[in-house]
Amino acid sequence: MLKLPIYLDYSATTPVDPRVADKMIPYLVEKFGNPASRSHAFGWETETAVEEARAEVAKLVNADPKEIVWTSGATESNNLALKGAANFYAGKGKHLVTVKTEHKAVLDTCRELERLGFEVTYLDVKEDGLLDLEVFKAALRPDTIVVSVMLVNNEIGVIQPIAEIGEICRAKGIVLHVDAAQATGKVAIDLTALKVDLMSFSAHKTYGPKGVGALYVRRKPRIRLAAQMHGGGHERGFRSGTLATHQIVGMGEAFRLARLEMGAENERVRMLRDRLLKGLSDIEHVYVNGDMEQRVPHNLNISFAYVEGESLLMAIKDLAVSSGSACTSASLEPSYVLRALGREDELAHSSIRFTLGRFTTEEEVDYAIRLLHDKIGRLRELSPLWEMVQEGVDLSTVQWAAH
Amino acid sequence: MAYSVKVLDHYENPRNVGSFGNEEEGVATGMVGAPACGDVMKLQIKVGKGGVIEDAKFKTYGCGSAIASSSLVTEWVKGKTVEQALDIKNTQIAEELALPPVKIHCSILAEDAIKAAVADYKKKHAEQAVP
Ligand SMILES: Cc1ncc(COP(=O)(O)O)c(C=O)c1O
């Protein structure tokens, strides 16, 4: 039996894998020691667990465990990386480079750095959502100290050319930060090969618990950061605060499973995503947002032209998905990511993000396809734009009474 | 976003969806909003003798509240004279549908649609009056 609503929003968050939850639970009641307690077995036990988890996180991305710093999530990791590096290297320059399609945890941190006197360049992307390397190179200046580019975009799932960006930054001695919150368990990451200096991770996008993440801080060549959280000097001074053992154990187990199962899981998810795309592609005027090749298999972001996103969400309330139209958040602004692709606002307002994952089934995908066919038809019957297009009117020539 | 029962009702069962031919006797059209803003409303009225609105139809591209506001307005204008229709205020629409503050613009747009349709009627009517 199909259970409704169907969860197709794995990029917002994932359920904790039951195997992960099982591993976490003993660390709440029985194994509750503070991993920083050096004087008794309660602390030794949890310190061992924390270090095992650290080793698992490091292993997924081919890093040294000593390069992993625990945080509360990718938001904190991004803050620590950008503020920490900008402040530490401020003597070398005041300029940072990032991209307009980054997550708010990067963009808003950059805004804060601007208020503190740094200068930030926000790069445009190409129509496919990818960064143009020539545009990137041209933006670098002698006083550029930090670059931040995400590995996988949260809205459109495209994979940025991090390997090339790493080479360019390393040659110029610029610190490269990569937000990999959406990438773990979806793309292979090898930090011995990639010239990335700082990388942010989150557990809850990869079947781990919410509220825990990590920052990779390269040791060779050594990257320095100004700490943002002061206190007991935990995590070698990078991030003070008693470690959340159960969360950390969960993240370790989640990343271990991701390492073991990524290959098979990606193939299965790709098959489902392609099935979804195929099932929707016979609807007229549907457009995929973002490149289809340089993209994780989990993501399908589609604009259904002439149907407004929020009313579509209402019509497909049996599907838990998200909309590129931020109408719901009172701002009436269409998604800034789709805008950065140069999508007309109308198509940005009409977009839906489907993100599939570990527990998505073929049956669920087929249900989604049927529902969408039905509801898109109904909403287009209601749409004056659809009517005009059917009558041959070119909407771009219409004088709208904008309000 | 939680919708009121009335918004849901109009959204699920919109009243008077459709279009009149623009050349039909007494038909006037008001089209307001813009695709880039995320909502466009088309309200058509069919005005009979004595300036009474005999029928109304709408099509709306927009969120559920926008669809509900325009659906409601088609019900309200019927049987009113064009002058009486102009008395319908967005606050009444918002109140009837229990729109939250972020959706007040939908009711404003519906009021604008009435004004635009009536203006179109008056324009056509004036043209007809001077053959
Ligand atoms: C690309 C990206 N970066 C950062 C975050 C924030 O992660 P967290 O929820 O762990 O703070 C998210 C999640 O929304 C994300 O998708």
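**The interface, the ligand shell and some backbone details**

Between them, chain A and chain B bury about 2500 Å², and carbon and sulfur atoms account for 65% of that area. The model is predicted, and every value below is computed from it. The size of an interface is often given in this way, as the accessible area lost when the parts come together. Counted by residues, the contact involves 29 from chain A and 31 from chain B.

Polar interactions also cross this interface. The rule finds 16 residue pairs in polar contact between chain A and chain B, with both residues at pLDDT 80 or more. Salt bridges between the two chains number 4. A salt bridge links A:Glu387 with B:Lys42, and their closest N and O atoms are 2.5 Å apart. On the side of chain A that touches chain B, the elements giving two or more residues are helix H9 (309–315), helix H11 (345–349), helix H12 (362–382) and helix H13 (384–390). Sorted by class, that side of chain A consists of 15 nonpolar, 6 polar and 8 charged residues.

The next site is the ligand. Its surroundings comprise 13 residues, and the closest are A:Thr75, A:Asp179, A:Gln182, A:Ser202 and A:Lys205. By class, this shell has 3 nonpolar, 8 polar and 2 charged residues. Helix H4 of chain A (residues 74–88) makes the biggest contribution to the shell, giving 3 residues.

Which atoms of the ligand lie by the side chains of A:Asp179, A:His204 and A:Lys205? For A:Asp179, a polar side-chain atom is 2.6 Å from a nitrogen atom of the ligand. For A:His204, an N or O atom of the side chain lies 2.8 Å from an oxygen atom of the ligand. For A:Lys205, a side-chain N or O atom is 2.7 Å from an oxygen atom of the ligand. On its own the ligand has 390 Å² of accessible area, and the protein covers 84% of this.

Salt bridges are also found within a chain. Over all chains, the count by this rule comes to 37. One of them pairs A:Arg259 with A:Glu56, whose closest N and O atoms are 3.0 Å apart.

Some details of the backbone remain. Most residues other than glycine have a negative phi, and most peptide bonds are trans. Where in chain A does the peptide bond from A:Leu4 to A:Pro5 lie, and is this bond cis or trans? The bond is cis, with omega near -10°, and A:Pro5 sits in the segment before strand S1 (6–7). Another cis peptide bond joins A:Lys220 to A:Pro221, with omega of about -5°. A:Pro221 is placed in the loop between strand S8 (213–217) and H8 of chain A.

A:His285 is not a glycine, yet its phi is positive, about 55°.

Notes: Residues numbered from 1 in each chain as written. Chains lettered and ligands numbered in written order. Predicted model: local features only at pLDDT ≥ 70, side-chain atom pairs only at ≥ 80, totals over all residues. Heavy atoms only, no water. Near = heavy atom within 4 Å. Polar contact = N/O pair within 3.5 Å; in protein donor to acceptor, adjacent residues only side chain to side chain. Areas by Shrake-Rupley, 256 points an atom, 1.4 Å probe, with all protein chains shown as cover. Helix = DSSP H or I, 4+ residues; strand = E, 2+ residues; numbered from the N terminus. Nonpolar A, V, L, I, M, F, W, Y, C, P; charged D, E, K, R; others polar. Contact = heavy atoms within 4.5 Å. Buried area = accessible area lost by both parts, 1.4 Å probe. Salt bridge = Lys/Arg side-chain N within 4 Å of Asp/Glu carboxyl O.
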